[in-house]
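Please keep the sequence and the model in view while reading.

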Amino acid sequence: MSLRLLLAVLLALLPALAQAQGAGELQLLKVTPAEDGSQTWSLTLQVLALMTVLTLLPSILLMFTSFTRIIVVLAILRQALGTGTTPSNQVLIGLALFLTLFVMTPVVTELYDVAVEPYLSEEITLQQAMDSGVEPLHRFMRHQVRESDLAMFASLGGYEEGFASPAEVPLTVLIPAFLTSELKTAFQIGFLLFIPFVIIDLAVASVLMSMGMIMLSPMIVSLPFKLMLFVLIDGWSLVMGTLAASFYTGVV
């Protein structure tokens, strides 16, 4: 997600990992002395939870944020331009990550204010922080999801009667519906991006055929024209701005 969110998660777990306030609470490391003078060190469930969160960060990035739509559109754009591996995968992922950071900033800020900061101030418990932290992400996803996809997964999950309010949609239904909607939207945007470049390819191919230059690849001739068109219309700014504006992140 973002560096701030990662630091917030780590900071939220460090106090619980570093200290024990009672005999019934978990500790970071439990030292058990043996009869021969040696010591046995055992990790607790909280350390296991921390390691699990770090391991699942890539999946969280894909499931709960705008990353999926952005990276798919950028990959389709590269294919439409016909530039092969330029920009490289590393460049596209970097663009997608920082645009995701830009889009998700209001959501992450709210999550930090309602969950992480109160927990660090010991105003709420860890469970309350988790419940409060899920709500901003839940709201973001349900604002992007399509009703048809949500209805389909609700039916498959046995929720034919529906839900009393959008906030009651369980994550087990919302996450797959959100990902499906993101892929649909990404392919729709990619289709619109592909059209002008296909027209250029067809025009160049028709000109080459009429001139009898059938041995010359139309892709080689059309590539400079597509690059020139993309640069003249300030294509990267248009694409990045359109992607950022396609998400609704308002806090309501």
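Predicted model: local features only at pLDDT ≥ 70, side-chain atom pairs only at ≥ 80, totals over all residues.

E182 belongs to helix α8 and R69 to helix α4 (residues 67–81), so the pair ties together parts that are 113 residues apart in sequence. Helices are DSSP runs of H or I with at least four residues, numbered from the N terminus. Both E182 and R69 are buried, a word for under 20% relative accessible area, with exposed for over 50% and partly exposed in between (1.4 Å probe, protein chains only).

D149 forms a salt bridge with K184, the closest N and O atoms being 2.7 Å apart. Because D149 lies in helix α7 (residues 147–156) and K184 in helix α8, this pair joins parts 35 residues apart in sequence. D149 is buried at 2% relative accessible area, whereas K184 is partly exposed at 38%.

## The course of α8

Helix α8 bends by about 30 degrees at I195, and the proline P196 follows within four residues; the bend is the angle between axes fitted to the seven residues ending there and the seven starting there. After α8 comes G212, whose phi is positive, near 80 degrees.

## Basis of the values

Residues are numbered from 1 along each chain as its sequence is written. Local features need pLDDT of at least 70, side-chain atom pairs count only at pLDDT 80 or more, and totals for chains, interfaces and linings use all residues, while side-chain values use heavy atoms, leaving out hydrogens and water.

Note on methods:
Helix = DSSP H or I, 4+ residues; strand = E, 2+ residues; numbered from the N terminus. Salt bridge = Lys/Arg side-chain N within 4 Å of Asp/Glu carboxyl O.
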